[in-house]
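Please look at the sequence and the structure below before reading on. The notes that follow take up the backbone, the ligand and the charged pairs in turn.

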Amino acid sequence: MTSRTFPDHFLWGGAVAANQVEGAWNEDGKGPNLADAMTLGSKDTPRRITLDIDDKSYFYPSHKASDGYHRFKEDIELFHEMGFRIFRMSISWARIFPNGDEDTPNEAGLAFYDRVFAELEKYEIEPLVTIYHNEMPLHLVTDGGWANRKTIDYYLNFAETIMRRYKNVVRYWIPFNEINDLTTPVGNWNHGGILNPGTQYFQDQKDDTDRRYQALHNQFVASAKAVSLGRKINPGFHFGTMICYITVYPLTPKPEDVLAAQQENALRNFFSGDVQMKGEYPYFAEKYFLNHDIHFERTKEDLEAIKSGCCDFYSFSYYMSNCVSTDPSSAQVSGNIMGGAKNPYLKATEWNWQIDPVGLRYTLNAIYDRYHTPIMITENGIGAKDTMSPDGAIHDDYRIAYIRSHIEQMALAIADGVDLIGYTPWTAIDVVSCSTGEMAKRYGFIYVDADDSGNGTYNRIRKDSFFWYQKVIRSNGSDLD
Ligand code: BG6
C-alpha cells in the first residue's frame, strides 16, 4: 500500500474560468468577448461561432453561465467549507477593457474583482489568477486576434492594470491558460482569437498554420513580458505555465509508433512549456516548422524578451492520455485539444476522454525530470451527467472514484521525488463546458441547478464529492476513503 504523504502546505483547492462561471456578460460595462459568441452545442452538435451575437436565434451559454457574478460570496463560502487553501480563477479581460484597446480601465469591472479577492482573503484562500483563459474582447478578434502583434500591447496593458491593482492580494499568476492549444487547429478561436474565412463551427475550424503559429509566438512574447513586468510590480509574484498536457503513448512497440509518440509529445506537450520555462524555442520545433513550411515573424527583441521572462513554476491540466499509431485503421477517441488512437487498457468517459490515473504519475515524473521546478496540477476532473436523487442529494461516486485515483498517483509521484505543490481540480463548482457549452457535462463538487438552456433556480447543492473532498483536504490527502 501507498503511504500517502503530502507536504504540510500543499495547496488543495479547485478551479474555474470567468467566461464559464460568471455570466453577467453585458453588466457593469463589460464588453462582449469571444466566449460570448459561441452557441450551445453538444457531444454531437458543434458550437457555432457568430460574430454578431444573435440572442433571438441562438442560446449562448456564457451569457448567464453559472451566475457566479451574482453569487460569488455564497460560492466562496462553500469553497471555504470544503477547506480550499487555493482557488484558481480568471479575470475577464472584457470586464476590465470592454473593447480591449482602451487606455482607461472600466472601474466597475476592477471593483468586482476587489470584492472577490476580499471574500477570498476573509477565508484565507489564496487566489491563483489566470490572466487569459479562453476569452478576449470580441472587438480585438475582428482585428486579427493574437495573429496581430498589436494584441501583445493590449494584453500587457490589461495584465499591468490587474497586476498593479491586485498586487497585495494575488501572488500566483498564470499568463495564459493552456497556451499549447494553439499547436492544434481547434485552438484558433478561443485561444488565438482567430476566425479564418469559412469557419462556422468551433469543432471544425479552417486553419492557417502561419497565422496560428504567429499567434502562439505573440502569446509567448506577451507571457514573457508580463512576467518581467510583474516581477517589477511585486518581486514576490510567482508565474506559472499552463499546459494542456495529453500524455501520448505509442499504441504498439513498433519503432515507428514509438517515434511518432515521441514526436507528438514533443510538439503538443513540451514545445510551449520549453519556451515558457527555458526561454527559447526547442530544436524540434524548428524542425517541425521547416518540415511543414511554417513561417512567421520572430524578431531578435522578441527572442530576448522570451529569454528574460521565464515562468518559475510549471502548471498543467490533465484529463486523459491518448495513443498514436502509424496504422490509420486504429480506433479513435476524443480529447480536449486532440484525439488519438484508443488505448485497449483504458476506459473512457461519456464524452470519450480516456481515464488514466497512472498516466498522471508518469506525466509528473516526465515534467519534473525536464524542468526541476515546483509543479501544480491546475485542472483535472471528469465531465459527467449528474442526477439528483429523490432526497435532493447528488451521489457522484464516479467523480469521487476519478479524483481519488488521481490523488493516489499524485502521492506516488511525490514519493518518487516530484515537487508537486498544489492541486486545483476542474471544477470547484459546475460551469458550462468549454467544448460543448453544455451545463450537463458537469465537473464540480457543487451542483448548479440549471440545465443546458439556462432553465433552473441556479441554487447551489453540495454533491457527495463535496463532503468527500472536504475530508481529503482535512486529512491533507491521507484519507481518501
Ligand atoms: C480545459 C479548459 O481544456 O478543459 C477548460 O481549460 C475546460 O476551460 C476544460 O472547461 C474541460 O473541457 P470541457 O470542454 O469538457 O469543458
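**Backbone, ligand site and salt bridges**

Thr427 lies in the loop between strand 13 (420–423) and strand 14 (446–448), where helices (H or I, at least four residues) and strands (E, at least two) are DSSP runs numbered from the N terminus. This is a predicted model, in which local features need pLDDT of at least 70 and side-chain atom pairs count only at pLDDT 80 or more, while totals for chains, interfaces and linings use all residues. Residues are numbered from 1 along each chain as its sequence is written, and side-chain values use heavy atoms, with hydrogens and water left out.

**Backbone**

- Trp426 and Thr427 are joined by a cis peptide bond, with omega at about 0°.
- Glu178, found in the loop between strand 4 (172–174) and helix 7 (187–190), has a positive phi of about 40° although it is not a glycine.

**Ligand site**

- The ligand is surrounded by 15 residues, each with a heavy atom within 4 Å of it, and the closest are Glu178, Cys434, Ser435, Lys441 and Tyr443.
- An oxygen atom of the ligand lies 2.5 Å from a polar side-chain atom of Tyr443, and for Lys441 a polar side-chain atom is 2.7 Å from an oxygen atom of the ligand.
- In the side chain of His133, an N or O atom is 2.9 Å from an oxygen atom of the ligand.

**Salt bridges**

- The whole structure holds 29 salt bridges, each being a side-chain nitrogen of Lys or Arg within 4 Å of a carboxyl oxygen of Asp or Glu.

Methods:
Polar contact = N/O pair within 3.5 Å; in protein donor to acceptor, adjacent residues only side chain to side chain.
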